Amino acid sequence: MTAKDKTTLSQVNANKVQGTFFSKHHVDLPLLFGLFLALCFSLFVLYSASGQEIDMLTRQVTRTGAAFLLMIAVAQIPPRYYAKLSIYLYIIGLILLVLVELFGDISKGAQRWLNLGVVRIQPSEIFKVVMPLMVATFLSKGSLPPKILNTIIAFVIVGMPTVLILMQPDLGTASLVAVAGFIAIFIAGLSWWWIIVGAGAAAAALPVMWNFVLHDYQKQRVFTLLDPSSDPLGAGYHIIQSKIAIGSGGLYGKGWLQGSQSQLDFLPEPHTDFIFAVLSEETGLVGFLILMSLYCFIIGRCVLITLQTRDNFERILCGSFTFTFMFYIFVNIGMVSGILPVVGVPLPLISYGGTAMITLTICFGMIMSIHTHKKTNFFREN
């Protein structure tokens, strides 16, 4: 078979793939299947973590269905349009963060919500999607690895919303947004010298952060992390109960709906931040391995899609979404296990909630869009 024949055959096979139902409708079947299994597993755990509350389970099913429809809708839009919209979404997000600082609703000592009359939104959540998108668009327009000036501008792009979110204060979301942006810069080819200098600068800034940025309750979280037993009935109570729940699960767990720490209300927010402790107590190591297998399947599929991308914009965007998803998992399990401070990060795809679910499905929808659309070199066209 000649080289020309091989090329023709590969084009025919590609056309056949494009003709299948899921490719035609820009849905990646393996990724969709992995997400569906994870969300089914979520409902199994959530029923127990919520205290068998059917209303909460019904709301979660409704939100999950809406999030899946949104993901499929997002996947239909070619990636080049997301690149065109990135700057507008970024500017709108910054304006909303400023409005939060000026007119936002105050709840539990934090000013994070903006009441628009019809809806009440948390603008900081927008940047979990917009930050990687904006950085990927900006850096992809130049040569990679990025030059010094472009790298500095990229750090400024990451820094402005991060500072505004810190002022709310919301250390957890600010950290996630900053990490999402830094991952995008790193994937673009950030020099290790920048990383070394940045790590040194961060270490030097720790005393300033401690004395002038962190609030008293945030400092208390650090003290609790270092020694939960110093205040077992106060600040350290929740993390101690979480460790008891995780450790008592053993190999097979105590059984579904049989967890003492979760069912007797020893755990705080068992259906959101601490749902991993419920899972570990009731299903043990087996349940943990099932969850990790689902996560690994989803992450592996996203990594494969990243490796198959066709230009720098797609590679940076897919890679940053994938590794940010991994970071969310690490932070939640780390804080529940007592190796990281408690910062209020839900367990992706498992915890109860609508905003985090929608944010994640938008990211996965963009990954599907990149994988299923035909090659278009946006930056050459413009």
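Where in the chain is the place of Gln52? Gln52 sits in the loop between α3 (29-49) and α4 (54-75). When I say helix or strand, I mean a DSSP run, H or I over at least four residues for helices and E over at least two for strands, numbered from the N terminus.

Quick housekeeping before we go on. This is a predicted model, where local features need pLDDT of at least 70 and side-chain atom pairs count only at pLDDT 80 or more, while totals for chains, interfaces and linings use all residues. Residues are numbered from 1 along each chain as its sequence is written, and side-chain values use heavy atoms, with hydrogens and water left out.

Back to Gln52. Its relative accessible area is 30%, so it counts as partly exposed (buried is under 20%, exposed is over 50%, partly exposed is in between, with a 1.4 Å probe and protein chains only). Setting aside residues up to four places away in sequence, Gln52 touches Tyr47, Leu257 and Gln263, where contact means heavy atoms within 4.5 Å. Gln52 and Gln263 are 211 residues apart in sequence, yet 9.5 Å apart in space, C-alpha to C-alpha.

Now, Leu257, one of those contacts. Leu257 is in the loop between α11 (237-248) and α12 (260-263), and at 27% relative accessibility it is partly exposed too. Leu257 isn't a glycine, but it has a positive phi of about 70°. Glu269 also has a positive phi, near 45°. You'll find Glu269 in the loop between α12 and α13, partly exposed at 45% relative accessible area. For context, most residues other than glycine have a negative phi, and most peptide bonds are trans. Pro145 lies in the loop between α6 (127-140) and α7.

Next, the inside. The largest nonpolar core has 88 residues; a core here is a set of buried Ala, Val, Leu, Ile, Met, Phe, Trp, Tyr and Cys residues joined through side-chain atoms within 4.5 Å. Leu35, Leu291, Ile298, Phe325, Leu349 and Phe364 touch the most other members. Helix α13 (residues 275-307) gives the largest share of this core, 13 residues. Take Phe364: beyond its neighbours within four places, its contacts include Leu35, Ile298 and Phe325.

There are strands as well. β1 (residues 105-107) and β2 (residues 110-115) pair antiparallel over 3 bridges, and two strands pair if DSSP finds at least two bridges between them. Ile106 has Gln111 as its bridge partner in β2. β2 also pairs antiparallel with β3 (residues 120-121), over 2 bridges, with Asn115 opposite Arg120.

Last stop, the second largest pocket, with about 1400 Å³ of space. On a 1 Å grid over the protein atoms alone, a pocket is an open set of points where a 1.4 Å probe fits, with protein on both sides within 12 Å along at least five of seven lines, and lining residues have an atom within 4 Å of a point. Grid points are joined across faces, edges and corners, and the volume is the space filled by probe spheres set on them. It's lined by 41 residues, and Ser175, Ala178, Phe182, Ala202 and Met209 lie nearest its centre. Helix α9 gives the largest share of that lining, 12 residues. The lining divides into 34 nonpolar, 6 polar and 1 charged, with Ala, Val, Leu, Ile, Met, Phe, Trp, Tyr, Cys and Pro as nonpolar, Asp, Glu, Lys and Arg as charged, and the others, Gly among them, as polar.
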